[in-house]
Amino acid sequence: MKQSMRIGLIVGVVVISMAVIGCASLPLFGPKAPTKAVAVLRPLQGSTIQGTVSFIQEGSGVRVIADLSGLTPGKHGIHIHEFGDCTAADGSSLGGHYNPGNTMHAGPEDKERHVGDLGNIEADKSGKAKYNRLDQQISLNGRNSIIGRSIVIKEKADDYKTQPGGAAGMRIACGVIGISSLESD
Ligand code: ZN
């Protein structure tokens with residue numbers, strides 16, 4: 001009788017200890033929303049495009065910073081597409097422009113546009129291109145989250161008018177948008 005009580009006491013202490021340790025390892029307020037995302041571009045359709053595109057939470061918007069090389073000189077459409085699937089060599093696995101609001105294609109500064117309509121990126125004579133813009137429609141969490149989708153570079157300039165893709169031609173590079181390991185603050 002005495003021994004079974006002692007075992008019972010030991011079991012009780014172990015169970016309580018495990019419960020305390022278990023609680024301590026749980027996050028207090030749930031998973032933290034991402035504040036920075038990144039996409040590494042890979043070429044499609046025989047292009048030589050390389051580079052990265054970063055997405056950084058800045059107030060109520062998201063700053064988009066792209067640093068690319070290997071483009072033909074001039075303007076190229078830059079869009080977020082529905083699927084983060086770069087497997088098809090022609091980019092057909094990427095779906096259309098990311099458009100959760102089911103609206104018309106337009107330019108990046110238009111109020112009514114696809115969430116994925118980031119406009120154009122312009123390459124210089126050496127094929128290098130930079131883009132740095134604060135966007136108010138894309139988001140790193142919630143309804144318009146771009147995490148797990150893709151950033152896609154186009155053969156030609158986006159005219160901000162032609163439906164559904166701005167007459168920007170072939171998809172010549174893509175990258176999957178993932179949560180960055182670097183904190184942005
Ligand atoms: Zn669009």
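A nonpolar core is a set of buried Ala, Val, Leu, Ile, Met, Phe, Trp, Tyr and Cys residues joined through C-beta atoms within 7 Å. A residue is buried if 20 or more other C-beta atoms lie within 10 Å of its own, exposed if 12 or fewer, and partly exposed in between, with C-beta atoms placed from the backbone. In this predicted model, local features need pLDDT of at least 70 and side-chain atom pairs count only at pLDDT 80 or more, whereas totals for chains, interfaces and linings use all residues. Residues are numbered from 1 along each chain as its sequence is written. The largest nonpolar core of the structure has 32 residues.

**Overall composition and confidence**

- The chain comprises 1 helix and 9 strands; helices (H or I, at least four residues) and strands (E, at least two) are DSSP runs, numbered from the N terminus.
- In sequence order, the pattern is α-β-β-β-β-β-β-β-β-β.
- Of the 185 residues in the chain, 32% are buried.
- Among the contacts with a separation of 6 or more, 61% involve residues 24 or more positions apart; two residues are in contact if their C-beta atoms, placed from the backbone, lie within 7 Å.
- The average pLDDT (the predictor's confidence in each residue, from 0 to 100) is 89 for the chain, and 82% of the residues score at least 70.

**The largest nonpolar core**

- L41, I151 and C174 are the residues with the most contacts inside this core.
- Two or more residues each are given to the core by β1 (36-43), β2 (50-58), β3 (61-69), β4 (74-81), β5 (117-123), β7 (150-154) and β8 (171-176).
- Strand β3 provides the largest share, 4 residues.
- Leaving aside residues up to four places away in sequence, L41 touches I49, Q50, G51, T52, V53, L68, I153, A173, C174 and G175.

- Strands β1 and β2 pair in the antiparallel sense over 6 bridges; two strands pair if DSSP finds at least two bridges between them.
- Within this pairing, A39 has V53 in β2 as its bridge partner.
- The hairpin of β1 and β2 has 6 residues between the strands, and Q45 in the turn has a positive phi of about 55°.
- Strands β2 and β3 run antiparallel and are joined by 9 bridges, with S69 in β3 as the bridge partner of Q50.
- The hairpin of β2 and β3 has 2 residues between the strands, and G59 in the turn has a positive phi of about 65°.

- Strand β7 runs antiparallel to β4, to which 4 bridges join it; H81 stands opposite S150 in β7.
- Strands β7 and β8 also run antiparallel, joined by 5 bridges, and V152 has C174 in β8 as its bridge partner.

**Residue N120**

- N120 lies in strand β5 and counts as buried because it has 23 C-beta neighbours inside 10 Å.
- The C-alpha atoms of N120 and A157 are 6.3 Å apart in space, although the residues are 37 apart in sequence.
- N120 touches K75, H76, G77, I78, A157 and D158, not counting residues up to four places away in sequence.
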